[in-house]
Amino acid sequence: LISSPTSSGLHIIHIAAEMAPVAKVGGLGDVVSGLSKALQKKGHLVEIILPKYDCMEYDRIGDLKVLDAVVESYFDGHLFKNKIWVGTVEGLPVYFIEPQHPAKFFWRGQFYGEQDDFKRFSFFSRAALELILQAGKNPDIIHCHDWQTAFVVGKHDSYNLRLAPLYWDLYAPKGLNSARVCFTCHNFEYQGTASASELGSCGLDVHQLNRPDRMQDNSGHGRINPVKGAVVFSNIVTTVSPTYAQEVRTPEGGKGLQATLNSHSKKFVGILNGIDTDSWDPSTDNVLEVQYSADDIQGKAENKEALRKQLKLSNGDPMQPLVGCITRLVPQKGVHLIRHAIYRTLELGGQFVLLGSSPVDHIQREFEGIAKKFQSHPDIRLILKYDEVLSHTIYAASDMFIIPSIFEPCGLTQLIAMRYGSIPIVRKTGGLNDSVFDLDDDTIPQQFRNGFTFLSPNEQGLNGALERAFDHYTGDNESWKQLVQRNMKIDFSWDSSAAQYVELYEKSVSRAKATKRT
Ligand code: ADP
């Protein structure tokens with residue numbers, strides 16, 4: 001196994017199920033690479049451990065090679081070999097774990113949504129820790145993301161090391177005890193609950209952990225909850241915006257974990273995500289018809305014309321507003337409001353382009369119906385698939401961008417939209433509430449107002465914001481242009497958010513050192 005290079009900063013290892021652009025389903029993938037790059041830029045040594053999926057974008061991995069050494073890990077009473085691959089993604093060293101297990105865990109043609117996801121990712125969590133141990137790595141921070149890697153975490157308890165899930169339970173006694181563990185929950189809707197007996201497969205002690213103060217799901221007995229375990233046992237728990245961190249501590253937002261989060265509130269904070277401003281940059285974006293910048297937004301109009309041609313939309317009036325929407329079509333995103341926005345935009349005389357797909361059959365079918373209905377309409381186009389390249393062109397071409405989420409932990413699309421000069425129209429929730437401020441809200445200093453917001457998650461709420469956006473757009477073209485330019489200049493980089501993570505990491509590391517000394 002290759003050894004870790006030395007660095008004067010912290011040594012941070014992320015264990016995750018996604019990383020953009022090689023394995024991305026949603027925002028988690030963007031966060032893992034964006035945060036890692038920013039940490040690396042600040043002088044820290046950052047490594048990432050991912051599953052080796054068959055469906056990754058292999059051409060985005062540099063120097064991929066398999067290592068000679070094989071890592072063995074425990075599962076269901078047996079030891080299994082794991083091939084370890086190493087490569088570079090976006091300048092970051094990444095380890096890919098390929099389990100030699102007959103179930104071919106990561107050879108399924110998709111990242112998630114398999115019947116045995118719990119097994120797949122508890123296997124991966126255990127193998128990732130085994131890799132760190134066998135490679136002789138001594139990270140300062142192990143940073144886990146979402147339920148898929150929540151099995152890793154554990155809280156150091158000097159009185160009883162056997163308290164915790166994998167890390168402290170099984171690995172600290174083997175000498176892997178330098179690290180503090182940080183857990184980030186990107187969306188509390190996904191908690192990975194399963195029947196308690198399943199926990200035993202990766203070697204955890206079901207009897208010890210299936211308790212109300214540990215991993216037992218708050219809704220009832222017999223089920224365990226990996227996210228709850230991670231909240232209980234991590235040294236640091238974060239989520240992806242300050243407003244969402246408040247919302248999940250209430251019965252409406254907590255999805256059953258509010259009491260757990262409240263009792264661990266001292267170590268729980270919300271840090272707003274940034275975006276990777278190198279890959280999301282309209283002045284260098286090769287995918288675009290024409291590059292443009294805040295100082296010269298003429299190219300934006302050319303991108304609008306190009307997209308209209310590409311999608312065979314009517315192209316006669318450059319001032320006809322184009323509304324974009326790029327999203328996973330799941331109830332969280334307010335699918336009924338997205339559908340309504342399509343029809344309302346049409347009534348208001350605009351154009352609407354939706355790029356999205358749904359893991360939920362009936363939603364996918366419903367939108368396929370709408371797509372078909374409008375397939376040769378001059379003003380509406382629905383493209384129901386995942387398409388990274390097309391997403392860039394829609395951000396660049398659209399004048400407005402709609403996000404009517406019911407809840408939204410952070411949301412990245414409003415940040416990307418603003419960077420590309422598309423004005424966000426959003427529901428005031430979670431990270432949308434921390435990043436979009438209404439143009440007509442007198443309580444907010446003028447220089448921070450950057451979009452349109454609404455509170456009520458219904459058609460009236462959305463109509464109000466959409467109509468105001470159309471009024472501003474058609475009413476005063478000059479001030480709209482200034483708004484576009486101002487938004488494009490806002491700093492959405494990871495720089496300040498990464499600094500907040502570093503502060504948490506450092507505090508935790510020095511607390512650990514102080515405890516060791518006493
Ligand atoms: P979530 O993580 O809940 O899906 P976020 O707003 O945090 O939502 O992140 C969504 C990310 O996924 C953005 O980078 C967005 O551009 C991208 N995305 C979503 N749907 C698609 C799609 N159909 N095609 C291409 N990119 C998409």
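Five elements each supply at least two residues of the shell around the ligand: helix H1 (27–41), strand S12 (322–328), strand S13 (351–357), helix H11 (388–397) and helix H12 (413–419). Keep in mind as you explore that this is a predicted model.

**Around the ligand**

- In total, 18 residues surround the ligand.
- The closest of these residues are Gly26, Gly27, Tyr386, Ser391 and Leu412.
- Sorted by class, the shell around the ligand has six nonpolar, eight polar and four charged residues.
- Domain 1 (14–274 + 496–517) and domain 2 (298–492) both give residues to this shell, so the ligand lies between them.

**The two domains**

- The domain assignment of the chain gives domain 1, made of residues 14–274 + 496–517, and domain 2, made of residues 298–492.
- If you mark the C-alpha centres of domain 1 and domain 2, you will find them 33 Å apart.

**Helices H8 and H11**

- Helix H8 (residues 298–310) packs with H11 at an angle of about 125 degrees, and their axes are 8 Å apart.
- With that angle, H8 and H11 are oblique to each other.
- The crossing in which H8 passes H11 is left-handed.
- From H8, the contact uses Lys300, Asn303, Lys304 and Leu307, while H11 brings Thr393, Ile394, Ala396 and Ala397.
- This contact of H8 with H11 has four nonpolar, two polar and two charged residues.

**Helices H9 and H14**

- Helix H9 (residues 335–347) and helix H14 (residues 459–475) have axes that come within 10 Å and cross at roughly 45 degrees.
- H9 and H14 are therefore oblique to each other.
- Their crossing is right-handed.
- Leu337, His340, Ala341 and Arg344 of H9 make the contact with Glu459, Leu462, Asn463 and Leu466 of H14.
- In the contact of H9 with H14, four residues are nonpolar, two are polar and two are charged.

**Two backbone details to look for**

- Most residues other than glycine have a negative phi, and most peptide bonds are trans.
- Alanine 20 and proline 21 are joined by a cis peptide bond, with omega about 0 degrees.
- You can find proline 21 in the loop between strand S1 (11–15) and H1.
- Aspartate 76 has a positive phi of about 45 degrees, although this residue is not a glycine.
- The place to look for aspartate 76 is the loop between strand S3 (62–75) and strand S4 (78–89).

Conventions: Residues numbered from 1 in each chain as written. Predicted model: local features only at pLDDT ≥ 70, side-chain atom pairs only at ≥ 80, totals over all residues. Axes fitted to C-alpha atoms, helices over the stretch in contact; angles between N-to-C directions. Helix = DSSP H or I, 4+ residues; strand = E, 2+ residues; numbered from the N terminus. Parallel < 35°, antiparallel > 145°, perpendicular 65-115°, else oblique. Left-handed = near helix turned anticlockwise from the far one by under 90°. Contact = placed C-beta atoms within 7 Å. Nonpolar A, V, L, I, M, F, W, Y, C, P; charged D, E, K, R; others polar. Near = placed C-beta within 6 Å. Domains from an automatic or database assignment.
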